[in-house]
Amino acid sequence: MGYDDIYTYTLNYTMVPGVVVERNSKLPIPEATIFVKSVTGFVDSVRADAKGNFRLRLPFDNLFTARAEKDGFTSLADVTFDTRQIGLLADTLEIGIWKN
């Protein structure tokens, strides 16, 4: 066995893809800001692209809440998700907001 043999690998983070949509029509909302918190507090914020898509790099084994904000829209509820229950390829997280 040489020094380049790999027997274990610890993965500490996962990529969570998401999309911000208008709650009723399900149309994507471009360039909304997504805020993510864990039980211990603020974790990160990202901006959705022109098609409402975003990616979050988050640690495994945590419970998170996310919300999206954009002028002219209202976010009435946070979305809760758990990185303990996802693997390397997470489902797309959908965050709905309402047009004012």
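User: What does the secondary structure of the protein chain come to?

Analyst: The model, which is predicted, has zero helices and eight strands in the protein chain. From the N terminus on, the order of elements is β-β-β-β-β-β-β-β.

User: How many salt bridges does a search of the whole structure find?

Analyst: The search finds two salt bridges. One of them joins the side chains of E94 and K26, at 2.9 Å from N to O.

User: Where do E94 and K26 lie?

Analyst: E94 belongs to strand 8 (residues 93-99), while K26 sits in the loop between strand 1 (13-22) and strand 2 (33-38), so this pair ties together parts that are 68 residues apart in sequence.

User: How accessible is E94, and how accessible is K26?

Analyst: E94 is partly exposed, with a relative accessible area of 40%. K26 also counts as partly exposed, at 44% relative accessibility.

User: Which side chains meet in a salt bridge at 3.2 Å?

Analyst: Those of E69 and R67, with the distance taken from N to O. E69 is partly exposed at 35% relative accessibility, and R67 is partly exposed at 28%.

User: Changing topic, what share of the residues of the protein chain counts as buried?

Analyst: Of its 100 residues, 34% count as buried. The chain exposes about 6800 Å², and carbon and sulfur atoms supply 51% of that area.

User: What share of the contacts with a separation of 6 or more comes from residues 24 or more positions apart?

Analyst: Such residues account for 60% of those contacts in the protein chain.

Key
Residues are numbered from 1 along each chain as its sequence is written. This is a predicted model: local features need pLDDT of at least 70, side-chain atom pairs count only at pLDDT 80 or more; totals for chains, interfaces and linings use all residues. Side-chain values use heavy atoms; hydrogens and water are left out. A salt bridge is a side-chain nitrogen of Lys or Arg within 4 Å of a carboxyl oxygen of Asp or Glu. Helices (H or I, at least four residues) and strands (E, at least two) are DSSP runs, numbered from the N terminus. Buried means under 20% relative accessible area, exposed over 50%, partly exposed in between (1.4 Å probe, protein chains only). Contact means heavy atoms within 4.5 Å. Accessible areas come from the Shrake-Rupley method with a 1.4 Å probe; for residues, only the protein chains shown count as cover.
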